[in-house]
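Please have a look at the sequence and the model first.

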Amino acid sequence: MDAPEPENTPFAAVSAQTSKLGRMYQSYLDKSTPYTTYRWIGTAVLLALFFVRIVIAQGWYIVCYSLGIYLLNLFLAFLQPKIDPSLTQDEGLEDGDAGSSLPTKKDEEFRPFIRRLPEFKFWHSATRAIAISFLCTWFGIFNVPVFWPVLVVYFLILFSLTMRRQIQHMIKYRYVPFSFGKAKYNQRSGH
């Protein structure tokens, strides 16, 4: 008996091309990983182009508002620890195991800050969202007529309230999600 021949259907050809494009895309993402500054500069340029498009076209404010809400959501996930200290502290009180919270005294074990949303995923999601939003501004179906000052005021209120709550959470549970401003020790002396 002969071995069955691989299928030469159009679906198999499309699937093979999609798989090839996916591998190429992932390869470019992998190559861009160490270039954090350049990745964020590219994202900022794309965001600036998006804003220029919104200002020149005088429309698509709902797309801009949706992008702002999504980026705010990503930023909050970037600022939060992977394991929320408020949840683990509440669970620890019930179970009697409060050892999984962040250290608050000198004697406690140091646990590094691990983000809920790592920097690379934050960048990738933000860049994709900006590119999709930019693409949406070229289709009239997404140009929903709204009174944009209301959206701006609502976004600013939402931003200030959520950031205030996040900063209060950071102060209460004593964690800093950024590495600048923290003490750096020499590797040789151990201090």
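There are ten aromatic pairs in this structure, where rings of Phe, Tyr and Trp (its six-membered ring) pair if their centres lie within 6.5 Å, and where planes under 30 degrees apart count as stacked, over 60 as edge-to-face and the rest as tilted. Tyr61 and Trp148 form a tilted pair, because their ring planes stand at 35 degrees, with the centres 6.0 Å apart. Since Tyr61 belongs to helix α3 and Trp148 to helix α6, this pair ties together parts that are 87 residues apart in sequence; helices here are DSSP runs of H or I with at least four residues, numbered from the N terminus. Trp148 is partly exposed, at 44% relative accessibility, on a scale where buried means under 20% relative accessible area, exposed over 50% and partly exposed in between, with a 1.4 Å probe and protein chains only.

The pair of Phe78 and Phe122, by contrast, is stacked, at 4.9 Å centre to centre and 25 degrees between the planes. Phe78 lies in helix α3 and Phe122 in helix α5, so here the parts tied together are 44 residues apart in sequence. Phe78 is buried, with a relative accessible area of 10%, and Phe122 is buried with a value of 10%. Both rings also belong to a cluster in which ring pairs link them with Trp40 and Phe75.

Arg115 lies over the face of Phe78, 3.9 Å from the ring centre, and Arg39 lies over the face of Trp123 at 4.9 Å; the criterion is NZ of Lys or CZ of Arg within 6 Å of the ring centre and within 35 degrees of the ring normal.

Turning to helix α3 itself, residues 61-79, its 19 residues reach 27 Å from first C-alpha to last, close to the 27 Å expected at 1.5 Å a residue, the expected span being 1.5 Å times one less than the number of residues. Its buried residues, including Tyr61, Leu71 and Phe78, pack against α2, α5 and α6.

Finally, some caution. This is a predicted model, in which local features need pLDDT of at least 70 and side-chain atom pairs count only at 80 or more, while totals for chains, interfaces and linings use all residues. Residues are numbered from 1 along each chain as its sequence is written, and side-chain values use heavy atoms, with hydrogens and water left out. The mean pLDDT (the predictor's confidence in each residue, from 0 to 100) is 83 for the protein chain, and 77% of its residues reach 70 or more.

Note on methods:
Helices (H or I, at least four residues) and strands (E, at least two) are DSSP runs, numbered from the N terminus. Contact means heavy atoms within 4.5 Å.
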